[in-house]
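Here are some notes for a colleague opening this entry. Please keep the sequence and the 3D view side by side while reading.

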Amino acid sequence: MNIVLLGAPGAGKGTQASWLHVHHGFSHLSTGDMLRSQVASSTPLGEKVKAVMESGGLVPDSIMLELIASAIQSNRGSFVLDGYPRTISQAESLDKVLGELNVALDKVILIEVNEGELVKRVGGRFTCQQCLTGYHTEFKPTRTLGVCDVCGSTEFVRRSDDSVDTIKARLEIFRRETEMIIPYYEQRSLLARVNGMVDIDEVTANVEKLLGIA
Ligand code: AMP
């Protein structure tokens, strides 16, 4: 089963995708993670996309298509796409790639969260530098201040595009470009909505129910 998770920045796509990976064996194909790893390794691609990512803008479709096509092509088994597609043109390209590879898209899940909540969520996110466990200053702090619950590391990082100004730019792009994808998938009866304003565990339970894997 192959699915797309749609939702604004901070809606919880990464959290749900990571659950599906760990507990249900899906490959977690996150375009944001792929790009961040290119930036961290200072590859030519990373150098090309660094500035646009830091400003909260979208990386050009042609670059994204190459990344996602190669990720899907080399994937084995079910996958969950997190962060792609973000524009109608990306949704059309995805259809084309999937068609060429004879791979089906089974469901698109939209995680809905109101905008004030998104700004709060993104503003407080931080990650353990060692094991990459995600935290939030208010909603999911570490049990001991400054120490990772999972690996004990005391080094944490914040995404450089999680500043208040950048999150506003990213939300604006979501409204302008990404929301248009919703009717695209609705017309093909692929879209399902989940309320992302409830506890993470409840969102997960609803996602699992929708996928028939509860
Ligand atoms: P994310 O981790 O999904 O929030 O993505 C972080 C950043 O990576 C975005 O703000 C964009 O700059 C870039 N990015 C990720 N996915 C895409 C995409 N499908 N199209 C264009 N840019 C993307």
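**Notes on the model**

1. Start with Asn75. A polar atom of the Asn75 side chain lies 2.8 Å from the backbone oxygen of Gly77. Keep in mind that this is a predicted model.

2. Where does Asn75 sit? The loop between α4 and β3 holds Asn75. Asn75 has a relative accessible area of 13%. Buried means under 20%, so Asn75 counts as buried.

3. Asn75 and Leu105 are 30 residues apart in sequence. In space, their C-alpha atoms are 14 Å apart.

4. Now turn to the ligand. The shell around the ligand has 16 residues. Thr31, Gly57, Gly83, Arg86 and Gln90 are the closest. Sorted by class, the shell holds six nonpolar, five polar and five charged residues.

5. Which helix gives the most to the shell around the ligand? Helix α2, residues 31-40, does, with four residues.

6. Polar pairs come next. Arg36 places a polar side-chain atom 2.9 Å from an oxygen atom of the ligand. Backbone atoms also take part. A polar backbone atom of Val59 is 3.1 Å from a nitrogen atom of the ligand. For Gly83, a polar backbone atom is 2.9 Å from a ligand nitrogen atom. How much of the ligand does the protein bury? The ligand taken alone exposes 480 Å², and the protein buries 96% of that.

7. The largest nonpolar core has 29 residues. Within this core, Leu6, Leu94, Val108 and Tyr185 touch the most other members. Several elements give two or more residues to it: β1 (3-6), α2, α3 (44-55), α4 (61-74), β3 (79-82), α5 (88-101), β4 (107-112) and α8 (181-186). The largest share comes from α4, with six residues.

8. Tyr185, like Leu94, is named among the core members that touch the most others.

Definitions and conventions. Residues numbered from 1 in each chain as written. Predicted model: local features only at pLDDT ≥ 70, side-chain atom pairs only at ≥ 80, totals over all residues. Heavy atoms only, no water. Near = heavy atom within 4 Å. Polar contact = N/O pair within 3.5 Å; in protein donor to acceptor, adjacent residues only side chain to side chain. Areas by Shrake-Rupley, 256 points an atom, 1.4 Å probe, with all protein chains shown as cover. Nonpolar A, V, L, I, M, F, W, Y, C, P; charged D, E, K, R; others polar. Core = buried A, V, L, I, M, F, W, Y, C linked by side-chain atoms within 4.5 Å. Buried < 20%, exposed > 50% of the residue type's maximum accessible area, 1.4 Å probe, protein only.
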